[in-house]
Amino acid sequence: YIENDLKGKTPLDINELKVGDYIIKIVLDNYKTIDTRVTVQYGQKPTNDFDLEPLPGKVNIYTDPVECEVVIQGKKSKYKKKYKSDGTGMLIATLPVGQYEASISKKQYEKQEIKLTISPNGKYEEEINLKKIPDGVSSNPDMGFLSINTYDDRIKVKIPGIKEVQSLPLEYFE
């Protein structure tokens, strides 16, 4: 658009403009509109290049259980942000266009990872159902649980690498 009059699609060569200032508007679905002033001077043919910025996309993640931690990280960008699904299990985030990896976790549940592709003004929806880790199984695959029982409640145990002396019985010490 030049002065609110549609002139066509880009690339566009306009020769009939008189000397003066013009307001140019460039519009493309799912991209931010550009409104700018261009000056046409006598004997010169101005050339302008414009980079259209894509509108961010919306991400809706529904988690079960609720209040999960969600870490979203860009695959090719430095974007990394922590979120938390709310009391209904819903997380709504706005992300720039790109590819992401999301990690969804909650204590006592198996972590789940997903890949996201966000297009200009796009919408990504995902329902995540985390599996509960059974009692007696650590959420960390490199760790386990220790249980110690005794008939004498005066006995204590010292575990190498752990500062505190533990009282017995000891159940599911990770």
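**Salt bridges, cores and local geometry**

The structure holds six salt bridges, a salt bridge being a side-chain nitrogen of Lys or Arg within 4 Å of a carboxyl oxygen of Asp or Glu. The model is predicted, so local features need pLDDT of at least 70 and side-chain atom pairs count only at pLDDT 80 or more, while totals for chains, interfaces and linings use all residues. Residues are numbered from 1 along each chain as its sequence is written, and side-chain values use heavy atoms, with hydrogens and water left out.

One of these bridges pairs Lys32 with Glu53, with 3.3 Å between the closest N and O atoms. It links distant parts of the chain, 21 residues apart: Lys32 sits in the loop between strand 1 and strand 2 (34-40), and Glu53 in the loop between strand 2 and strand 3. Strands here (E, at least two residues) are DSSP runs, numbered from the N terminus. Lys32 is partly exposed at 38% relative accessibility, and Glu53 is partly exposed at 45%; the classes are buried under 20% relative accessible area, exposed over 50% and partly exposed in between (1.4 Å probe, protein chains only).

A further bridge joins the side chains of Lys115 and Glu101 (3.5 Å, N to O). Lys115 belongs to strand 8 and Glu101 to strand 7, so this pair ties together parts that are 14 residues apart in sequence. Lys115 is exposed, at 56% relative accessible area, whereas Glu101 is partly exposed at 38%. In the bridge between Glu125 and Lys123, the closest N and O atoms are 3.6 Å apart.

The largest nonpolar core has 18 residues, of which Val70, Ile72, Leu95, Ile104, Ile114 and Leu116 touch the most other members. Strand 3, strand 4 (69-74), strand 6 (90-95), strand 7 (98-105), strand 8 (112-118) and strand 9 (123-129) each supply at least two residues of this core. Apart from this core lies another, of seven residues, including Ile2, Ile24, Ile26 and Val40. A nonpolar core is defined as a set of buried Ala, Val, Leu, Ile, Met, Phe, Trp, Tyr and Cys residues joined through side-chain atoms within 4.5 Å. In soluble globular proteins, nonpolar side chains tend to be buried together.

Beyond neighbours within four places in sequence, Thr63 is in contact (heavy atoms within 4.5 Å) with Cys68, Ser85, Gly89, Ile104 and Ile128.

Pro65 itself lies in the loop between strand 3 and strand 4, and a cis peptide bond with omega of about 15° joins Asp64 to Pro65. The loop between strand 3 and strand 4 also holds Glu67, which has a positive phi of about 55° although it is not a glycine; Glu67 is partly exposed, at 41% relative accessibility. Asn121, in the loop between strand 8 and strand 9, likewise is not a glycine but has a positive phi of about 60°. Another cis peptide bond runs from Thr10 to Pro11, with omega near -5°, and Pro11 is found in the segment before strand 1.

Terms used:
Helices (H or I, at least four residues) and strands (E, at least two) are DSSP runs, numbered from the N terminus.
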